[in-house]
Amino acid sequence: MVIEIKKVSFGYSTEKVLHDVDCVFEGGGFYAVIGPNGSGKSTMIRLLNRLLIPDTGTVQVNGRSVQDYPRRFLAQHIGYVPQSGGSSANATVFDTILLGRKPHIKWAPGKSDFKKTVNIIRDFSLEHLTLRLTGELSGGELQRVHIARALVQEPDVLILDEPTSSLDLSHQIEVMKMLKEVSTKGITVIVAIHDLNLALRYADQFLLLRDGSIIAMGDERVISEQNLRALYDVEVQKVDVDGQSYILPLLG
Ligand SMILES: Nc1ncnc2c1ncn2[C@@H]1O[C@H](COP(=O)(O)OP(=O)(O)OP(=O)(O)O)[C@@H](O)[C@H]1O
């Protein structure tokens with residue numbers, strides 16, 4: 001599934017937040033959207049599944065405007081995990097994750113919906129929490145539950161807004177590895193993320209947003225010292241350790 005943003009501008013009020021944004025997300029890529037606070041990352045990814053509508057320009061899914069698709073189609077094919085994880089009713093972890101199957105269920109969950117739910121719970125090692133209410137979880141546990149719910153939906157495109165923001169180091173790696181794995185199976189993964197080193201390690205395409213405009217897009221070479229200085233006004237060094245690039249901020 002290919003998603004294309006064509007000459008999109010958007011503002012919540014008269015002031016524009018995105019200016020003439022043009023970019024293509026190809027099927028199976030792992031895209032990291034990077035930029036300072038308020039640069040428009042969340043806004044941009046919310047346009048992809050029609051949570052927001054462009055003021056000008058279009059968002060196209062497989063060559064057709066996203067506005068022309070029925071809601072159910074988008075729910076089946078595009079998964080979205082908002083920044084805060086999204087509100088969920090105070091249901092059990094099991095029911096919350098099972099809800100990810102909702103776009104595929106006619107009137108009641110079938111055997112395969114339960115099986116997929118059990119499998120994803122195992123993949124995320126959430127077995128000990130299945131009967132816990134979501135309101136009783138820690139921020140990181142809840143974030144993993146919401147990512148599991150998005151994965152059980154089996155979308156073609158998975159959009160996540162800062163999916164590792166509440167996670168400890170080992171769970172950050174677990175989640176990014178899992179996203180990498182699903183992208184290798186052909187699912188397009190798009191994450192807004194502040195952690196440049198996690199992005200560099202797992203994503204394969206990078207989109208740099210500054211003040212609502214894309215200043216660079218491409219492979220890991222766009223995460224350059226020069227571009228990061230332009231983005232954050234901070235001096236950094238890009239270093240190589242055993243063939244893997246890392247960004248080292250030079251703290252003043
Ligand atoms: N619902 C809203 N109503 C009005 N303005 C908004 C709304 N949501 C975001 N904005 C504004 O739009 C701009 C872009 O916000 P956005 O959330 O897209 O940035 P971001 O790059 O995701 O930031 P962060 O890294 O802090 O999450 C900001 O100036 C923000 O204040």
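This is a predicted model: local features need pLDDT of at least 70, side-chain atom pairs count only at pLDDT 80 or more; totals for chains, interfaces and linings use all residues.
**Ligand shell, a strand pair and a helix pair**

Residues are numbered from 1 along each chain as its sequence is written. Helices (H or I, at least four residues) and strands (E, at least two) are DSSP runs, numbered from the N terminus.

**Around the ligand**
- The residues around the ligand are Tyr12, Val17, Gly35, Asn37, Gly38, Ser39, Gly40, Lys41, Ser42, Thr43 and Ala192, counted if the C-beta atom, placed from the backbone, lies within 6 Å of the ligand.
- That shell splits into three nonpolar, seven polar and one charged (Ala, Val, Leu, Ile, Met, Phe, Trp, Tyr, Cys and Pro are nonpolar, Asp, Glu, Lys and Arg charged, the others, Gly among them, polar).

**Strands E6 and E7**
- On strand E6 (residues 78–81), Ile78 and Tyr80 point one way and Gly79 and Val81 the other way, and all are buried (20 or more other C-beta atoms within 10 Å of the residue's own, all placed from the backbone).
- E6 pairs with strand E7 (residues 157–161) in the parallel sense over four bridges; pairing takes at least two DSSP bridges.

**Helices H5 and H6**
- Helix H5 (residues 139–152) and helix H6 (residues 169–184) have axes that come within 12 Å and cross at roughly 10° (lines fitted to C-alpha atoms over the stretch in contact, with angles from 0 to 180 degrees between N-to-C directions).
- So H5 is roughly parallel to H6 (under 35 degrees).

How values were computed
A residue is buried if 20 or more other C-beta atoms lie within 10 Å of its own, exposed if 12 or fewer, and partly exposed in between; C-beta atoms are placed from the backbone. Angles under 35 degrees count as roughly parallel, over 145 as roughly antiparallel, 65 to 115 as roughly perpendicular and the rest as oblique.
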